[in-house]
Amino acid sequence: MDKVAPRAGRREWLGLAVLILPTMLTMIDINVLFLALPRLSADLNATAIQQLWITDSYGFVSAGFLVTMGTLGDKIGRRRVLMSGAAAFGLVSVLAAYSSSPELLIAARLLLGAAGATVMPSTLGLMRSMFKDPKQMGTAISVWASAIIAGVALGPVVGGVMLAYFWWGSVFLIAVPVMGLLLVAGPFLLPEARDPDAGRLDLFSVFLALVTVLPAVYGLKELARDGWGLVPAAFIVVGVVFGRVFVVRQRKLASPLLDLRLLRIPILSSALLVGLLFAVIQGGSGFMVTQHLQLVEGLQPLQAGLWLLPPTALLISGIYLSPLLARRIRAEYLLVGGTLLAAAGQFVITQVSATSGLAVLLIGFGIVYLGISPMGVLVAQFTMGSCPPEMASSAASLSATGSELGAALGIAALGSVGSFVYRSDFHVPAGVPSAAADAAKESMAGAAAVAPNLPPQVAANLLDSARDSFNSGLHVVAVVAAVLFVGLAGLVAVTFRQVRPSSADPAEQAEEVGADEPEMESQPAD
């Protein structure tokens, strides 16, 4: 007789409320620093290189430790890993807030990245244990996904408010009460779950995971920042080589850091691939939009964040509606329709001009956000619903790592396309000195930097030419993104065609989703 999945009660929903707070916080922490950077750089006398490490070190280390923290949660307990990470995050946030030198702040950011890497895999893994009913799991993931988007959107806003009343270190102290609440409430509301047959953690595999992800992400970010070059390409090659060594070692170990059997689960591997490609497209196109807001429109990060709130509201609304629609509509139809709508939004962005103002850009981006809203929540639901319960954190870490790599790749690739079009299209107006012309040819940021040193009319002509060239790059990237979204719609139609509406019988759905799934014993919650 088919078993009906038990439904979550009040304790589980309260536990979810506790889980989304650190999830939102880690997203806020990524973005909030951009506003504080000028003030802290002045106070700490940070060089340009030190400023880059202050902003980027968190993301690098977090991406590198995701796989390790996910597997560690499956081995020793997801709640234990999350609580340890929360305690470390809170303590190191205090260290970051009161840093007296750039070196100390960089070290704190590195430690924050390692602690923050515990959040994403642990929260999704715990949700897999807490919400066994597919409908409730869909709702829970919608709330979780909305917390991520809210964290990204609120980062500049929260940072702006804190910096208006307090010193720059206050942006780090936001973490202390949030993590404190998790430490107090977590033991009462969150179950413990792990793989009872898990072996020891292979430290050499941890090293291989780090030297796979860190060089790859660093190389991709350098490509996005400075264009193609030997050094970033070499870092990417190093990451690929060590990645191959990592995979070979995992196949030989009795207790691997990453169980590659996960990739033999059809729906899970399809969800990971679709999530990676989606991150590539959205990472690159979103980067161009935010650059346009700040460089072409001249908005400060806080202002840009506020203007993006309406599209973000559409995204969050779509995230909440997606599981409800998925109960009556096949997932492939919902996802294909959404990606095609996102492609249409990209074509609207191609109509942005120097005279159109913000309206066209925000309308197009709002359509894109509404179109992509089913993607994150449903792909996460497929990922968590198709993996063995004992390996939930490992599956979540794979998804999060793919998103990090995909976004970095998208920013590097599509950002390079936009830069190439900018340089090809840019024309130097009369009266611009050669040194200023060279800087302006390189990027819109370069043009904005040299314009204040030029006569007013010459500066205005230079900036007009730069804005037109940047918009040309934005248009080409939008067309590329639209074509990629159409291609992604075709891939989704093929890979998810066997997934039925979530109102279908849970046993039958699990049978379809979990084909070829390895059998593993479940660890009961405390």
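This is a predicted model: local features need pLDDT of at least 70, side-chain atom pairs count only at pLDDT 80 or more; totals for chains, interfaces and linings use all residues.
Residues are numbered from 1 along each chain as its sequence is written, and side-chain values use heavy atoms, with hydrogens and water left out.

So what surrounds S146? The residue sits in helix α6, which covers residues 134–165. A polar atom of the S146 side chain lies 2.8 Å from the backbone oxygen of S142. Leaving out residues up to four places away in sequence, S146 touches I316, I319 and Y320; contact here means heavy atoms within 4.5 Å.

Now zoom out. The protein has 20 helices and zero strands, counted as DSSP runs (H or I, at least four residues, for helices; E, at least two, for strands) and numbered from the N terminus. Its radius of gyration is 23 Å, close to the 24 Å from the globule rule for 526 residues, so the protein is as compact as a globular protein of that length. That radius is taken over C-alpha atoms, and the rule is 2.2 Å times the number of residues to the power 0.38.

Buried residues make up 55% of the 526. Of the contacts between residues at least 6 apart in sequence, 82% join residues at least 24 apart.

Definitions and conventions. Buried means under 20% relative accessible area, exposed over 50%, partly exposed in between (1.4 Å probe, protein chains only). A polar contact is a pair of N or O atoms within 3.5 Å; within protein, one must be able to donate a hydrogen and the other to accept it, and residues adjacent in sequence count only if both atoms are side-chain atoms.
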